[in-house]
Amino acid sequence: MTVEVERKFVCDAEIMWKLQDIGAKCIGQRQFRDQYFDSPDFILTLKDFWLRCREGLWELKCPAVSGTTPDNDTETVCTRYREITSLPLIQSEVSRIIREHTAEGSESNSSQREQIDKVAENEDTEICSADDTKWLNDLNLVCFAEFKTERCSYTLEREAGAVRVDLDQADFGYCVGEIEVLVPEGGDMNAALQRITGTAILLHCEKKVKGKMDVYLQRYRPEHYAKLLSAHIL
Ligand code: TPP
């Protein structure tokens, strides 16, 4: 399993020149549509889990750092998420989170619990295709955000390894840059944080900025956004 370490930055008109100046190579441009899912009462995102389908590929981003308040700047501007991309693993992890949440409260009934358990054990889903939505219905998951992104990707070779830079333009009128390093399980997290900070300094892009989802929810899902803000997720 890999951990995605990422820092977002303001994507201004000069950014492409700055990337060229520091020797970053453009590795392609593509467009994709993202759909994000959660329960109607936001069980996943209030725990900082992000379930996404991007062009038929599923991904679950899970918080990779415990809830302690970091005291150094590098840590606060970089996010770290463990990424799960295997659908059966995603299904069992999501049903575990929902099951645990449901066990904490008293609002569930036994048939709801049975459905959740079925998805966890993968009983009904083994022979399903990736676009099958039955498991989403069984877990009562609904799409809360959907948007398209036009992405230009760059790679920059640093002493300790490559750094990826993505320039994203979302179809709801928001642009953001992302500096990203993937750290394999047990890899050197501090080195990755340093490579990202070093790149942000080289690009003169040290100002903290909102992500696409932040802006999307604030605009189109204010109730959800307010809940995430008060839970200190966004
Ligand atoms: N980014 C910041 C700066 N703070 C956060 N709390 C999050 C992200 C949490 N978060 C919100 S939406 C989302 C996550 C992990 C899923 C999309 O992640 P992102 O890396 O923005 O998507 P991508 O670059 O893959 O489009």
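Predicted model: local features only at pLDDT ≥ 70, side-chain atom pairs only at ≥ 80, totals over all residues.
To begin with the protein as a whole, its secondary structure comes to eight helices and eight strands, and of its 234 residues, 45% are buried. If we look at contacts with a separation of 6 or more, 66% of them are between residues 24 or more positions apart. The accessible surface of the protein is about 12,500 Å², and carbon and sulfur atoms hold 50% of that.

Let me turn now to the ligand. Which residues come nearest to the ligand? There are 16 residues around the ligand, and the nearest of them are Lys-8, Arg-52, Glu-178, Lys-212 and Ile-233. Several elements supply at least two shell residues each, namely strand S1 (2–9), strand S3 (50–54), strand S5 (78–84) and helix H7 (212–220).

The side chain of Arg-52 places an N or O atom 2.8 Å from an oxygen atom of the ligand, and for the side chain of Arg-54 the corresponding distance to a ligand oxygen is 2.9 Å. In the case of Arg-151, a polar side-chain atom lies 3.3 Å from an oxygen atom of the ligand. On its own, the ligand has 580 Å² of accessible area, and the protein covers 89% of it.

Next comes Arg-221, which is found in the loop between H7 and helix H8 (222–230). Is Arg-221 buried, partly exposed or exposed? Its relative accessibility is 38%, and because this falls between the limits of 20% and 50%, Arg-221 counts as partly exposed. Beyond its neighbours within four places in sequence, Arg-221 is in contact with Cys-143, Phe-144 and Tyr-216. Of these, Phe-144 is 77 residues away from Arg-221 in sequence, yet their C-alpha atoms are 8.0 Å apart in space. A polar atom of the Arg-221 side chain lies 2.9 Å from the backbone oxygen of Phe-144.

Finally, a word on the cysteines. How many disulfides does the model have? The count comes to zero, with a disulfide taken as a pair of cysteine sulfur atoms within 2.5 Å. As for where individual cysteines sit, Cys-62 has 1% relative accessibility and therefore counts as buried, and Cys-78, at 7% relative accessibility, counts as buried too.

Definitions and conventions:
Residues numbered from 1 in each chain as written. Heavy atoms only, no water. Buried < 20%, exposed > 50% of the residue type's maximum accessible area, 1.4 Å probe, protein only. Near = heavy atom within 4 Å. Polar contact = N/O pair within 3.5 Å; in protein donor to acceptor, adjacent residues only side chain to side chain. Areas by Shrake-Rupley, 256 points an atom, 1.4 Å probe, with all protein chains shown as cover. Helix = DSSP H or I, 4+ residues; strand = E, 2+ residues; numbered from the N terminus. Contact = heavy atoms within 4.5 Å.
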